[in-house]
Amino acid sequence: MTGALLAAARPGFKTPTIEDFQWPCLTPNWKIFGFGLCVNREVLLILLAGAVVLVLFLIAFRNPQMIPTGLQNFMEVVVDFVRNAIVLEVIGHEGLGFVPYLTTVMFFVFVGNVFGIIPGLQFPVNSHMAIPIFLAMMTWVLFNAVGIRRHGWGGYSKMVLFPAGVPWPMYILVTPIEFVSTILVRPVTLSVRLLANMIAGHLLLTIFFLGTAYLLQPSITALFAAASFALGTALVAFELFVAALQAYIFTILTAVYLAGALSSEH
Amino acid sequence: MGDVIGMLSAGLLAVASTSVVGYGIAAIGPGLGIGFLVGKAVESMARQPEAAAMIRTNMFIGIGFVEALALFGFVLAFIAK
């Protein structure tokens, strides 16, 4: 802590900023229908995250055994966790059809987050708004579609905008609030939560390890480099925890929204 | 007293930009909220250990909602220079 503060106060130390999240294009400036196509490190990491999820599930369940071993055992724990601790707990038995989607989303978010602490990759995929907002839009479309399919357009709008058990003059207040909080704010909070956690984590790690490198010079400050490095190392473990927790929260909130759209009384 | 606060805030603004101070203020409410939330959840888990799984799920949902407010402050600290 002290080390990083000293480093920030001394002239010559460049503190990491939000601009450090921009990667240069690796390809020439291709255009597709007028849209720029820029393949940079972020894009490669997204593709890698997708490939890791795909390959892990394919290998684990290619030849499923009655008595699972190794990787199959591990992946069954993941699926089991989503099924029992998220879907059955939050939605109930009618939500069992969502287990594959929720498992995939949770695993993709987790792999994308954990790229932030894997040596060599060291960049969380979800620290660019494009990925969390896309995942949140998928959740948004899914829970609205499920609600409309279950209750019909009129029934679903009535359920969302005019909650039962409210005296009618209160609808002047309640209806706009419900519309904003359910339809507009949900995808924003869902994506910003994941994005901000990943940006904050990446900035923390960057500042402590840059601080270590900066303080490691032949002077008295080299003593503080050890403190900076120790805290940075502890934060790597903390980031692993955050990566898992954010994947869990993203999945469980998707499940909560689905449960809200499926519920009959609400 | 007012002078001290004025000097302190002037010094703070010299070191950090306003948006960072704003983020600090934005973190107070969610900090209190998560403290209460988890404290109450642990209390009820200790009182009724058989309901721990259900309480933990709901605790995380609540944390997710409360935490979003602090993170909005964090993001706005970057957007508003």
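Mentor: Let's start with a definition: two residues are in contact if their C-beta atoms, placed from the backbone, lie within 7 Å. Keep in mind that this is a predicted model.

Trainee: Let me pick H3(A). Why does its length agree with that of a helix?

Mentor: With 21 residues at 1.5 Å a residue, H3(A) should span 30 Å, and its end C-alpha atoms are 29 Å apart, so the two values agree.

Trainee: What is centred on Arg83(A)?

Mentor: A kink of about 25° in H3(A). That angle is taken between axes fitted to the seven residues ending at a residue and the seven starting there. After H3(A) comes Gly92(A), with a positive phi near 105°.

Trainee: Which residues of H3(A) are called buried, and why?

Mentor: They are Val82(A), Ile86(A), Val87(A) and Val90(A). As a general point, an α-helix has 3.6 residues a turn, so residues three or four places apart point the same way.

Trainee: What do the buried residues of H3(A) pack against?

Mentor: Against helix H4 (99–114) and H7 of chain A, together with helix H4 (52–79) of chain B.

Trainee: What makes Ala255(A) stand out in the largest nonpolar core?

Mentor: That core has 53 residues, and Ala255(A) is among those with the most contacts inside it, along with Met106(A), Val109(A) and Leu258(A). H7(A) gives the most to this core, with 13 residues. Leaving aside neighbours within four places in sequence, the contacts of Ala255(A) include Ile86(A), Val87(A) and Val90(A).

Trainee: Where in chain A is confidence lowest, and where highest?

Mentor: Helix H1 (residues 2–9) is lowest, at a mean of 53, and H4(A) highest, at 95. The mean pLDDT of chain A is 88, with 95% of its residues at 70 or more. Where pLDDT is low, the predicted coordinates should not be read in detail.

Methods. Residues are numbered from 1 along each chain as its sequence is written. Chains are lettered from A and ligands numbered from 1 in the order in which they are written. This is a predicted model: local features need pLDDT of at least 70, side-chain atom pairs count only at pLDDT 80 or more; totals for chains, interfaces and linings use all residues. Helices (H or I, at least four residues) and strands (E, at least two) are DSSP runs, numbered from the N terminus. The expected span of a helix is 1.5 Å times one less than its number of residues. A residue is buried if 20 or more other C-beta atoms lie within 10 Å of its own, exposed if 12 or fewer, and partly exposed in between; C-beta atoms are placed from the backbone. A nonpolar core is a set of buried Ala, Val, Leu, Ile, Met, Phe, Trp, Tyr and Cys residues joined through C-beta atoms within 7 Å. pLDDT is the predictor's confidence in each residue, from 0 to 100.
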